[in-house]
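Here are a few exercises to work through with the model open beside you. Take each task on your own before reading its solution.

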Amino acid sequence: MISKVLIANRGEIALRIIAACREAGLATVAVHSEADRDSLHVRMADETVCIGPAYANVSYLNITAVIAAAEITGADAVHPGYGFLAENAHFAEVVGECGLTWIGPPPEAIRLMGDKATARRTVAAHEVPILPGSAEPLTSREKAVELAESIGFPVILKASAGGGGKGMRVASDARELRHAFDTARHEAERAFGVADVYLEKYLTSPRHIEVQVMADTHGRVVALGERECSIQRRHQKLIEEAPSPVVDEELRGRMCEAAQKCAEAVGYVSAGTVEFLYDGGEFYFMEMNTRIQVEHPVTEAVTGIDLVLEQLQVAGGQPLSFRRRPKITGHAIEFRINAEDPVTFAPSPGTITELCYPVGPGVRIDTHITKGYRVPPYYDSLLAKLIVSGRDRREAIRRAGRALSMLVVGGVKTSIPLHQRIIEDPDFVEGRLSTQFMERFAQRD
Ligand code: ADP
């Protein structure tokens, strides 16, 4: 059993976790940087500890400081949220070694899935389809070219330790690949401290469709259906929805089964996501994210299951509250409201001078911002998530229009106007989505 949860995160997800803890009757400890002293997650937690200066590497990423905060406050469990230390297997291990409960998967599962080349090999051995590509990190430029020629261009180079779209390079011929090989390695080294890259076949216009899984310590693994996350800019998700407009019950069954196999292959526990690319015919494993994801609320909206609460219960040794894949009811869409220029996507830090939330049926907002809040320049630009739901996709889109028009965030530039234009786009309305959607959308302007 657990009784006091330290939240090793900030922003909307820290508040989301506090909300679940409150419902579960668990006490909360917020850790924060000096820049987040006045944040809402700090105000809402039962206890708080400042763990360092603004920069994440000396605060939210400082393992010693986070563990010390847990010891000082007598917390007995740690929830890492997403980002920061969430997929750091070493941190998960340290948490366990200090006698604290890790609210997440076993460190070994994080490690196996964290190295993407290993993850590909692991799931392929369990008959989960992967794109043709390298089984091991590439050792030389010429080896890369040789492999690419055997599977056919275009190919994509990816950092083995990758995440957040960094270290990825597409090459459509040998010349481009030779050049991309060095840049990708360099970028990977800089971003992740490991230069290893691998390559796989590049699909020109696929959909990104992922499956939410939940597993408990009693051997039960359940897939909760898919989310479509094809609307991305620079390989980063902008809008996510559940269910996917193209996934029928037969395909859902196959994807869920594959996702379940991935989780079972690594002895998974807690919430995780298996990401696939789907080209209209087949779907292929891309990676598994071993944490709760930003877009988890759309799955919550269509299944009625509180995923973070389930995580807390599983960490406390309880079984999942459901036995099999839940029924999907209605449709939900999440819009990431970022503090950024809607055209250039440049971050737009500043002070929130005005704030007004939409009202009416089918609206959920997960956010940490308040009027007068200063958006710090040190962290990611996510201000809020607007989640709308309806009986079907059409109703959800209509509600999105109403909710986006009523959502007022003054003082910084936001992605709200961009979302308003996207939901009026005929391809979006018809559900004709692909990861190239935003590129085509920008060209149409
Ligand atoms: P990261 O972990 O850095 O986010 P992912 O492997 O999840 O990287 O890929 C992010 C996005 O990059 C995908 O959603 C997709 O848009 C694009 N992508 C990745 N691999 C491929 C591929 N083989 N073919 C086409 N697009 C891809």
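This is a predicted model: local features need pLDDT of at least 70, side-chain atom pairs count only at pLDDT 80 or more; totals for chains, interfaces and linings use all residues.

**Exercise 1.** Between which domains does the ligand lie, and why?

*Solution.* Step one: 22 residues surround the ligand. Step two: look at where they come from. Domain 2 (132-201) and domain 3 (207-444) both contribute to this shell, so the ligand lies between them. Step three: look at the strands. β6 (155-159), β8 (197-201), β12 (270-278) and β13 (283-289) each provide at least two shell residues.

**Exercise 2.** Which polar side-chain atoms lie 2.7 Å and 2.6 Å from an oxygen atom of the ligand?

*Solution.* Start with Gln-232, which places a polar side-chain atom 2.7 Å from a ligand oxygen. Then turn to Glu-287, where the distance from a polar side-chain atom to a ligand oxygen is 2.6 Å. The protein buries 95% of the 550 Å² that the ligand exposes when taken alone. Nitrogen takes part too: a ligand nitrogen is 2.8 Å from an N or O atom in the side chain of Lys-158. To finish, sort the shell by class: eight nonpolar, seven polar and seven charged residues.

**Exercise 3.** How many cavities of 30 Å³ or more does the whole structure hold, and what lines the largest?

*Solution.* The search finds two. The largest has a volume of about 40 Å³, and its lining includes Arg-10, His-368 and Asp-380. By class, that lining has six nonpolar, one polar and two charged residues. The second largest cavity, of about 30 Å³, takes at least three lining residues from each of domain 1 (4-103) and domain 3 (207-444).

Key: Residues are numbered from 1 along each chain as its sequence is written. Side-chain values use heavy atoms; hydrogens and water are left out. A residue is near a molecule or strand if one of its heavy atoms lies within 4 Å of it. A polar contact is a pair of N or O atoms within 3.5 Å; within protein, one must be able to donate a hydrogen and the other to accept it, and residues adjacent in sequence count only if both atoms are side-chain atoms. Accessible areas come from the Shrake-Rupley method with a 1.4 Å probe; for residues, only the protein chains shown count as cover. Helices (H or I, at least four residues) and strands (E, at least two) are DSSP runs, numbered from the N terminus. Ala, Val, Leu, Ile, Met, Phe, Trp, Tyr, Cys and Pro count as nonpolar, Asp, Glu, Lys and Arg as charged, and the others, Gly among them, as polar. Domain bounds come from an automatic or database domain assignment. On a 1 Å grid over the protein atoms alone, a cavity is a set of points where a 1.4 Å probe fits but cannot get out, and a pocket is an open set with protein on both sides within 12 Å along at least five of seven lines; lining residues have an atom within 4 Å of a point. Grid points are joined across faces, edges and corners, and a volume is the space filled by probe spheres set on the points.
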